[in-house]
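Trainee: I am new to this structure and would like to find my way around. Could we walk through it together?

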Amino acid sequence: MSQDTPPEEKLPSEQTHGPLARGEEDPFADPGLPPHLPRIQDIDERAAKRSERTVALLFVISMLATIAFIASYVAFPIDKIVYIFPFGHVSILNFALGITLGIALFCIGAGAVHWARTLMSDREVPDDRHAIESPPEVRAKVMQDFSEGVAESGFGRRKLIRNTLFGAMALVPLSGVMLLRDLGPLPEKKLRATMWAKGKQLINMNTKQPLRPEDVAVGSLTFAMPDGLKETDEDFQEQIAKAALMIVRIQPDEIKDKRELDWSHQGIVAYSKICTHVGCPISLYEQQTHHVLCPCHQSTFDLSDGAKVIFGPAGHPLPQLRIGVNGQGNLEALGDFDQPVGPAFWERG
Ligand code: FES
């Protein structure tokens with residue numbers, strides 16, 4: 001701070017105060033550090049050993065959890081849904097991967113914290129403020145303190161902790177390596193067909209009731225799934241990921257694509273909800289322009305013109321489902337999608 005700085009702009013710690021009157025207590029007196037109290041581990045070698053074993057146990061649990069992660073990945077099928085209280089119906093694979101990876105990471109953190117709190121030095125050392133740039137002798141002191149810290153932590157001496165920590169740290173990355181297996185194999189023909197077929201009614205995904213033309217207002221966006229598919233079905237996730245449908249109603253004279261008009265019912269059009277870029281679910285509809293936007297990378301499709309891509313990285317229009325009305329007045333499919341849903345770049349050449 002410069003010499004010209006007015007006293008009132010100085011930081012409280014920099015302010016000076018006049019000499020104290022006789023018998024007056026200095027309100028800014030440095031209280032100093034409280035006396036250091038040794039921990040039980042500092043004075044009892046058996047307590048220190050117990051802490052050491054606790055830390056090692058946490059690292060061993062981490063290793064076992066990582067092995068369980070890998071075993072879960074191999075053992076559980078990706079589409080197996082089970083009921084687990086209080087989460088409801090969940091994928092057993094995702095649940096097992098989340099739990100085991102969480103335990104593996106938590107135990108490494110908990111072991112490190114317990115090690116630091118019970119076995120590493122807990123002496124408080126005041127460090128006076130200094131210029132931001134450290135002079136060479138300070139840097140040398142830092143290196144010396146670091147070396148002393150390493151020695152005090154017992155990293156070299158406590159081989160059990162050190163080795164189990166290395167083991168846990170070495171195994172955790174295997175979780176990520178295992179997930180690389182999800183890059184393949186290619187689905188080939190598996191995405192070519194969905195549950196939609198001639199006569200399948202469109203079920204409103206919110207109300208779980210068959211959709212009727214009068215339920216679909218102009219400007220609204222409705223999501224539908226095929227009749228017969230239930231959330232408790234074992235293959236629900238696999239089926240809905242292919243068959244999820246977007247329903248919108250457009251004034252027939254605003255539909256520019258002739259085939260789209262033929263495949264609609266009184267302006268009600270049904271398109272796949274799965275983005276043709278990399279498969280995110282599309283959910284944003286702009287009723288004035290009839291554009292739908294994929295939230296993942298902003299691909300935009302024009303639902304009044306054959307769901308053509310007008311912006312973004314998607315390479316293909318959304319597949320359309322031909323629809324009509326059955327004898328009960330409910331909307332029904334008149335076949336499957338006109339092309340494979342989702343990215344499908346491996347099939348199109
Ligand atoms: S997944 Fe839709 S834009 Fe990328």
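Mentor: What follows is a set of questions and answers, from the whole chain down to single residues.

Mentor: This is a predicted model, in which local features need pLDDT of at least 70, side-chain atom pairs count only at pLDDT 80 or more, and totals for chains, interfaces and linings use all residues. Residues are numbered from 1 along each chain as its sequence is written, and side-chain values use heavy atoms, with hydrogens and water left out.

Trainee: How many helices and strands does the chain have?

Mentor: Both are DSSP runs numbered from the N terminus: helices are H or I with at least four residues, strands are E with at least two. Counted that way, the chain has eight helices and 13 strands.

Trainee: What is the radius of gyration of the chain, next to the globule rule?

Mentor: The radius is taken over C-alpha atoms, and the globule rule is 2.2 Å times the number of residues to the power 0.38. For 349 residues the rule gives 20 Å, and the chain is well over that, so it is more spread out than a compact globule. Along the principal axes, its C-alpha atoms fill a box of roughly 100 × 60 × 40 Å. The radius of gyration itself is 33 Å.

Trainee: What share of the residues is buried?

Mentor: Buried means under 20% relative accessible area, exposed means over 50%, and partly exposed is in between, using a 1.4 Å probe and protein chains only. Of the 349 residues in the chain, the buried ones make up 35%.

Trainee: In which order do the five strands of the open sheet lie?

Mentor: Two strands pair if DSSP finds at least two bridges between them. In this sheet the pairing is antiparallel, and the order is S3-S4-S5-S6-S11. The edge strands, each pairing on one side only, are S3 (202–204) and S11 (320–321).

Trainee: Which residue in S5 is the bridge partner of leucine 221?

Mentor: Strand S4 (residues 221–226) and strand S5 (residues 245–249) run antiparallel and are joined by four bridges. For leucine 221, the partner in S5 is valine 248.

Trainee: Is valine 269 buried or exposed?

Mentor: Valine 269 lies in strand S6 (residues 268–272). Contact means heavy atoms within 4.5 Å, and, not counting residues up to four places away in sequence, valine 269 touches Met246, Ile247, Val248, Ile250, Ile255, Glu260, Ser264 and Gln320. Its relative accessibility is 0%, so valine 269 counts as buried.

Trainee: How far apart in space are valine 269 and arginine 249?

Mentor: In sequence, the two are 20 residues apart. From C-alpha to C-alpha, the distance is 6.2 Å.

Trainee: Why is the pair of phenylalanine 87 and phenylalanine 95 called tilted?

Mentor: Rings of Phe, Tyr and Trp (its six-membered ring) pair if their centres lie within 6.5 Å; planes under 30 degrees apart count as stacked, over 60 as edge-to-face and the rest as tilted. By this rule there are three aromatic pairs. The centres of phenylalanine 87 and phenylalanine 95 are 5.5 Å apart, and the pair is tilted because the angle between the planes is 55 degrees.

Trainee: Which residues do ring pairs link into a cluster?

Mentor: Phenylalanine 155 and phenylalanine 166 form an edge-to-face pair, 5.8 Å centre to centre with 75 degrees between the planes. Phenylalanine 155 is in the loop between helix H4 (136–153) and helix H5 (159–179), while phenylalanine 166 is in helix H5. The cluster consists of Trp115, Phe155 and Phe166.

Trainee: Over the ring of which residue does the charged end of lysine 273 sit?

Mentor: A charge sits over a ring if NZ of Lys or CZ of Arg is within 6 Å of the ring centre and within 35 degrees of the ring normal. Arginine 259 does this over tryptophan 263, with its charged end 4.1 Å from the ring centre. For lysine 273 the distance is 3.8 Å, and the ring belongs to phenylalanine 223.

Trainee: Is the disulfide of cysteine 280 and cysteine 296 left-handed or right-handed?

Mentor: A disulfide is a pair of cysteine sulfur atoms within 2.5 Å, and the structure holds one. It joins cysteine 280 to cysteine 296, with 1.9 Å from S to S. The torsion about the S-S bond is about -90 degrees, so the disulfide is left-handed.
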